Amino acid sequence: MAGKPKLHYTKGRGKMESIRWLLAAAGVEFEEEFIEKKEDLDKLLKGGVLMFQQVPMVEIDGMKMVQTRAILSYIAGKYNLYGKDLKERAWIDMYVEGTTDLMGMIMVIPLQAADAKEKQLALIIERATTRYFPVYEKALKDHGHDYLVGNKLSWADIQLLEAILMTEECKPDILSAFPLLQAFKGRISNIPTIKKFLQPGSQRKPPPDDKYIASVRKIF
Amino acid sequence: MSAKPRLTYFNGRGRMEPVRWLLAAAGVEFDEIFLETKEQYEKLNKDGVLLFQQVPLVEIDGLKMVQTRAILSYIAGKYNLYGKDLKERAWIDMYVEGIADLMQMILMFPFSPPEAKEKNLDSIKERATNRYFPVFEKVLKQHGQDFLVGNKFSWADVQLIEAILAVEEKIPAVLSGFPQLQAFKIRMSNMPTIKKFLQPGSPRKPPPDEHYVETVLKVFKK
């Protein structure tokens, strides 16, 4: 009997958040074990359950999976969110790599000094509006479908919504020049599993605050 | 009729080298266009062929693929180097992601300032010998098979042999504590397609030198 997937990470977004999004969107309930102090991490390391001594780690289907992309690919494949063939998978992969790069830029902000933060924020806004969002806006415009790939909900759509919301937290009107992305955001947010995840009380984590960053620094 | 894949990148390893390795290991011939000037790069951008304004770019099966991982996944899937099912794919993905983290350190090394180079080299040695190589040594020891996953040649094996050779270039005795990896290295090097790729005259690129670093900085300079 397969238990629920179990996520091992700190009690915050970080690299685990995309995994929470994907499981939630797929309608999969999961458990979380939070690393709150150094001893929690040491216990995992001593137990030999972290392949490369790192988290995220997700216990799923008898495996102790590590490496965010490997975990996401497995979940996408298992829950039919990875396209119908190799070419659709290629498009989904390209799109998620783009949103991953954008979210990666946002993720490092809390760790930076004040002067670097401002510069990074400007770079994020520039990249979002000139490199990344235009690609997805154009993809939606070209085919006129509701979803990015193959006229069907996929990992690419879920990650794009996550990236849009994260970027909006940096600059609320970031989608002002992207009407199709605005509509996309509305549509995908209303998918029942995603709507549920966006409500208070879900396992979605809040943006990192100073307290969270301090605790992460102590653990690692 | 399907044309050969066409790679667009600098005339050097960088992020394209794993793609060259994988295509070569799969026995797939490919063409290459080398980026040498800022103007070439700007033209590629103007022509709209770079999805996120970045290289690597691989034109394959009518797709203009970008993003190294996406490209590698596609090639692995197409040429049956991605395991037989979702679980084998998961193991291959975990292994290649770990190796990619190690290779990232090597990738960035030529671009680090001279005063940081010794420290970075120590980091590479530490990570290779304490974090990454032990994992693969253990995997090979536990199942006693020739290949990392599913008793069959896969993308994970190709990526590991590439990483072993790249680290050895910097730290020649790095495999001294890893007998399984030493045997693996010899086995992989002797596979016909890989043996061919390791010979002079193949598309394999040499380690990055000053000229390579200069070219990259020049092309991407704002």
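## One glutamate, two arginines

B:Glu97 forms a salt bridge with A:Arg69, with 3.7 Å between the closest N and O atoms. The model is predicted. The residue B:Glu97 also has a partner inside its own chain. There, B:Glu97 forms a salt bridge with B:Arg69, and the closest N and O atoms are 2.6 Å apart. Both pairs count because a salt bridge needs a side-chain nitrogen of Lys or Arg within 4 Å of a carboxyl oxygen of Asp or Glu.

Start with the interface between the chains. Chain A brings 33 residues to the contact, and chain B brings 33 residues. About 3,000 Å² is buried between chain A and chain B. Carbon and sulfur atoms give 63% of that area. There are two salt bridges between chain A and chain B. The polar contacts between chain A and chain B come to 10 residue pairs, both residues being at pLDDT 80 or more.

Which elements of chain A give two or more residues to the side that touches chain B? They are β4 (63–66), α3 (68–78), α4 (86–107) and α5 (114–143) of chain A. The largest share comes from α4(A), with 11 residues. By residue class, the side of chain A that touches chain B has 16 nonpolar, seven polar and 10 charged residues.

Now turn to chain B on its own. Chain B is divided into two domains. Domain 1 takes in 6–79 + 198–220, and domain 2 covers 86–190. Taken over C-alpha atoms, the centres of domain 1 of chain B and domain 2 of chain B are 22 Å apart. In the contact between them, 20 residues of domain 1 of chain B meet 15 residues of domain 2 of chain B.

About 1,500 Å² is buried between domain 1 of chain B and domain 2 of chain B, and carbon and sulfur atoms give 69% of it. Which three residues supply more than any other three of the area that domain 1 of chain B buries against domain 2 of chain B? They are B:Arg15, B:Trp21 and B:Arg69, which supply 32% of that area. The residue B:Arg69 is also the salt-bridge partner of B:Glu97 within chain B.

Between domain 1 of chain B and domain 2 of chain B there are three salt bridges. The interface of these domains also holds three residue pairs in polar contact, both residues being at pLDDT 80 or more. On the side of domain 1 of chain B that touches domain 2 of chain B, α1 (17–25), α3 (68–78) and α9 (210–220) of chain B each supply at least two residues. The most comes from α1(B), with five residues. That side of domain 1 of chain B has 13 nonpolar, two polar and five charged residues.

An unreviewed entry places "domain: GST N-terminal" at residues 3–83 of chain B. This span of chain B is 36% helix and 20% strand, with its end C-alpha atoms 26 Å apart. For chain A, UniProt places "domain: GST N-terminal" (unreviewed entry) at residues 3–83. That span of chain A is 36% helix and 20% strand, and its end C-alpha atoms lie 26 Å apart. UniProt also places "domain: GST C-terminal" (unreviewed entry) at residues 85–209 of chain B. Residues 85–209 of chain B are 69% helix and 0% strand, with the end C-alpha atoms 41 Å apart.

Definitions and conventions:
Residues numbered from 1 in each chain as written. Chains lettered and ligands numbered in written order. Predicted model: local features only at pLDDT ≥ 70, side-chain atom pairs only at ≥ 80, totals over all residues. Heavy atoms only, no water. Domains from an automatic or database assignment. Contact = heavy atoms within 4.5 Å. Buried area = accessible area lost by both parts, 1.4 Å probe. Polar contact = N/O pair within 3.5 Å; in protein donor to acceptor, adjacent residues only side chain to side chain. Helix = DSSP H or I, 4+ residues; strand = E, 2+ residues; numbered from the N terminus. Nonpolar A, V, L, I, M, F, W, Y, C, P; charged D, E, K, R; others polar. UniProt positions renumbered as here; feature names shortened; annotations may be inferred.
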